Structure formats: C-alpha cells, structure tokens
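You asked for a quick read of this model before you dig in yourself. Here are my notes, in the order I would go through them.

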Amino acid sequence: QVRLVESGGGLVHAGGSLRLSCAVSGRTLSSSTMGWFRQAPGKERDFVAAISSSGGNTYYADSVKGRFTISRDNAKNTVSLQMNILKPEDTAVYYCAAGHPRWYPLPALATQARYENWGQGTQVTVSS
C-alpha cells in the first residue's frame, strides 16, 4: 500500500520560513516524479513544484519561483519543500504527490491527473 505523509506545516508570520517534508512508503521514490500542490480555502488545488525521479530537473509555479525549493532524498524516501519569504497568499493546505517517472513537458507536469498517489495534506498559514 502506497502512503504519503506530509509534515512541517504550521503558522508563520509573513517573511518567515517553513520546511515541509513528505515521507513515502510502499513506492520506490527513485521511480517517481514528485510534486507539491496546494489548495487555499474556496479555491482549486494548484501546482507548486515538481522534481524528477533523479532530482536533476525541477519546475516551479511562477508564484513561488525564487522563494521555494523542492528537493528529494531517494535513500530516505522523502521529498521536501523549503519555503522562504512566505506571504499571506501562500496560506493553503499543501499536498505531496507521486507520479510516473517520466519527466512530462508542461502543462502535463503541473496537472494533477499525472500524479497517482497523494498525501492527506498539511496546513500552512501565513499571517500578515
């Protein structure tokens, strides 16, 4: 059974930082493209970042580029999202997702349907 468990969410002031982690079990991380998505209240779930199975390729939504960094540790089967210079508009539930190892071109890479397994999410709240 594949399981993704996010952690590291919380409440932070604008300008602060948080580091989210996603622990993966039941699936080989080195055979998975990994992504982070987020869903703000009343809004659709949006793509945040993705990293290829080897870690050699990354892609970010324009809204987080330069502030967020996605990384992976295949030996530990974990994926992380370092979030710096947080803004109130970053407030959302953040989800980790695992997909096919192929590094799809856009827009497929940022499409939820390309990811087969999802975590339950972790809440990030940024106060102004």
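1. A word on the source: what you have here is a predicted model. Please read every distance and angle below as a value computed from that prediction.

2. Start with the core. The largest nonpolar core has 33 residues, and Met 34, Trp 36, Leu 81, Met 83 and Tyr 94 are the ones with the most contacts inside it. At least two residues of this core come from each of strand 3 (18–25), strand 4, strand 5 (45–51), strand 7 (68–73), strand 8 (78–83), strand 9 (92–99) and strand 11 (122–127). As background, nonpolar side chains tend to be buried together in soluble globular proteins.

3. Next, the cysteines. The structure holds 1 disulfide, formed by Cys 22 and Cys 96 with their sulfur atoms 2.1 Å apart. Cys 22 belongs to strand 3 and Cys 96 to strand 9, so the bond ties together parts that are 74 residues apart in sequence. The S-S torsion is about -80 degrees, which means the disulfide is left-handed. Are these two cysteines buried or exposed? Both Cys 22 and Cys 96 are buried.

4. Now the rings. There are 5 aromatic pairs in the structure. One of them joins Phe 37 and Tyr 115: the ring centres are 5.3 Å apart and the planes are at 80 degrees, so this pair is edge-to-face. Phe 37 is in strand 4 (residues 33–39) and Tyr 115 in strand 10 (residues 115–118), so the pair ties together parts 78 residues apart in sequence. Phe 37 is buried at a relative accessible area of 0%, and Tyr 115 is buried too, at 5%.

5. Which residues do the ring pairs link into a cluster? They are Phe 37, Phe 47, Tyr 59, Tyr 115 and Trp 118.

6. Arg 45 has its charged end over the ring of Tyr 95, 3.7 Å from the ring centre. Arg 114 lies over the face of Tyr 104, and there the distance to the ring centre is 4.4 Å.

7. Then take Arg 38, in strand 4. With 12% relative accessibility, Arg 38 counts as buried. Its side chain makes a polar contact of 2.9 Å with the side chain of Tyr 94, and Tyr 94 is among the core residues named in point 2. Leaving aside residues up to four places away in sequence, Arg 38 touches a list of others including Glu 44, Arg 45, Asp 46, Glu 89 and Asp 90.

8. Last, Thr 122 in strand 11. Thr 122 is buried, at 10% relative accessibility. How far apart are the C-alpha atoms of Thr 122 and Gly 9? They are separated by 5.4 Å, although the two residues are 113 residues apart along the chain. The side chain of Thr 122 also reaches the backbone nitrogen of Gly 9, at 3.2 Å. Among the residues Thr 122 touches, not counting those up to four places away in sequence, are Glu 6, Ser 7, Gly 8, Leu 20 and Tyr 94.

Key:
Residues are numbered from 1 along each chain as its sequence is written. This is a predicted model: local features need pLDDT of at least 70, side-chain atom pairs count only at pLDDT 80 or more; totals for chains, interfaces and linings use all residues. Side-chain values use heavy atoms; hydrogens and water are left out. Rings of Phe, Tyr and Trp (its six-membered ring) pair if their centres lie within 6.5 Å; planes under 30 degrees apart count as stacked, over 60 as edge-to-face and the rest as tilted. Helices (H or I, at least four residues) and strands (E, at least two) are DSSP runs, numbered from the N terminus. Buried means under 20% relative accessible area, exposed over 50%, partly exposed in between (1.4 Å probe, protein chains only). A charge sits over a ring if NZ of Lys or CZ of Arg is within 6 Å of the ring centre and within 35 degrees of the ring normal. A polar contact is a pair of N or O atoms within 3.5 Å; within protein, one must be able to donate a hydrogen and the other to accept it, and residues adjacent in sequence count only if both atoms are side-chain atoms. Contact means heavy atoms within 4.5 Å. A nonpolar core is a set of buried Ala, Val, Leu, Ile, Met, Phe, Trp, Tyr and Cys residues joined through side-chain atoms within 4.5 Å. A disulfide is a pair of cysteine sulfur atoms within 2.5 Å.
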